[in-house]
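Welcome! Keep the view open beside the text as you read.

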Amino acid sequence: MGKVKYYYDPETLSYRKIKKQKRTTFKYATVFILASALFGFIFVFIASHYIESPQERELARELENMQLQYELLNKRMDDAITALENVEERDNAIYRLYFEANPIPEEQRRAGFGGINRYKKYEGYDNSQLIAESNKRLDILEKAIVIQSKSLDEIAKLAEDKEKFLESIPAIQPVNNENLTRMASGYGYRTDPFTKVRKFHFGMDFTAPRGTPIYATGDGVVKRADNRSTGYGKHIRIDHGYGYVSLYAHLYKYNVRVNQRVKRGDLIGFVGSTGRSEAPHLHYEIFKDGQRINPINFYYGNLSPEEFDELLKKASLENQSLD
């Protein structure tokens, strides 16, 4: 049972019972409901703007973690770019320079992508710029890696060709030093042993006893092993490729046959005195693109600097040749 309320009536000097009107009750109830609704709205508004819900806190943590991951990704890309730049520098300044290949321009290595906006799909997000920039750097890095990979493939091919070239060109003495009696005559004007007339001598004469071993001065293929060339007697010609041919004349006998592939240092024949020769010796010539050149420049493979200097002095003497 609800409480009964009274009020004091001064005219009658007595207490009278308070009677509640329905209109007043409805008015109070309406005010209460409106006030409650307004308070609730204000609370929800403040809570939605200043108080995070568990779901919002979870999303905020995910966003923070994503930003951290992008920062770490950018750091790793920085490290990768630095490492790639070191490789590119060695590639341009050492590898390509050594193998006589043109350096790759920086603008080609770091070129972007023209045409349509490749990163439009990342627009409209809170971190669009971060995401788009990271993807752009990653694309450029991937392109630079592809360019560098192709460059290294080219360098590997050049190195293979260079190795083959270095193995092929004549680079050693055709007769060992310990087997030499002397270095009889070098490249240049010499006195002919038969006519005593001064004429140009196109090879080098190595004096050695008959039967002394003769070695191939570089890798190649035997193109001739016969005595059908005037003055040379029994002789061998080896095609080394790259325009180089070596000739070994006045042999006693052969140790190879035509079309045989030989390696540098292989025994190919023996010293003799066949053909237009005054005494047992090896007459040695080198051709480059069909032109005779001085063999003195091709002994770096088995002579010390002191031995080469001594050979150079003897070869420069204008004496009498043996053929």
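In this predicted model, L38, F41, I42, F45 and I46 make a nonpolar surface patch of about 510 Å². Take I46 as an example: this residue lies in helix α1, which spans residues 22-50.

Now let us turn to charged pairs. How many salt bridges does the structure hold? There are eight salt bridges, and the table shows some of them.

| Pair | N to O distance |
|---|---|
| K75 and D79 | 3.1 Å |
| K263 and D219 | 3.6 Å |
| D289 and K288 | 2.8 Å |

Start with K75 and D79, whose side chains meet in a salt bridge. Both belong to helix α2, which covers residues 54-98. They are four residues apart there, so about one helical turn separates them. K75 counts as partly exposed at 46% relative accessibility, and D79 is also partly exposed, at 41%.

The salt bridge between K263 and D219 has another setting. K263 sits in the loop between β12 (261-262) and β13 (267-271), while D219 sits in the loop between β7 (213-215) and β8 (220-226). The pair therefore ties together parts that are 44 residues apart in sequence.

Next comes the bridge between D289 and K288. D289 is exposed, with a relative accessible area of 57%, while K288 is partly exposed at 24%.

From charges, we can move on to strands. Strands of a sheet pair through backbone hydrogen bonds, either parallel or antiparallel. Which order do the strands of the open sheet follow? Three strands form this sheet in the order β7-β13-β11, and their pairing is antiparallel. β7 and β11 (251-254) are the edge strands, each pairing on one side only. From one strand to the next, the twist averages 35°. Looking at one pairing in more detail, β11 and β13 are joined in the antiparallel sense over three bridges. To find this in the view, look for L251, which stands opposite V271 in β13.

The largest nonpolar core has 26 residues. Which of them touch the most other members? They are F206, I214, I236, I238, Y248, I268 and L282. Several strands contribute to this core: β6 (204-207), β8, β9 (235-241), β10 (244-249), β13 and β14 (281-288) each supply at least two residues. The largest share comes from β14, with three residues.

The loop between β12 and β13 holds K263, the salt-bridge partner of D219.

Note on methods:
Residues are numbered from 1 along each chain as its sequence is written. This is a predicted model: local features need pLDDT of at least 70, side-chain atom pairs count only at pLDDT 80 or more; totals for chains, interfaces and linings use all residues. Side-chain values use heavy atoms; hydrogens and water are left out. Patches are made of residues with over 30% relative accessible area and no salt bridge: like charges are joined within 9 Å, nonpolar side chains (Val, Leu, Ile, Met, Phe, Trp, Tyr) within 5 Å. Accessible areas come from the Shrake-Rupley method with a 1.4 Å probe; for residues, only the protein chains shown count as cover. A salt bridge is a side-chain nitrogen of Lys or Arg within 4 Å of a carboxyl oxygen of Asp or Glu. Buried means under 20% relative accessible area, exposed over 50%, partly exposed in between (1.4 Å probe, protein chains only). Two strands pair if DSSP finds at least two bridges between them. Axes are lines fitted to C-alpha atoms, for helices over the stretch in contact, and angles run from 0 to 180 degrees between N-to-C directions. A nonpolar core is a set of buried Ala, Val, Leu, Ile, Met, Phe, Trp, Tyr and Cys residues joined through side-chain atoms within 4.5 Å.
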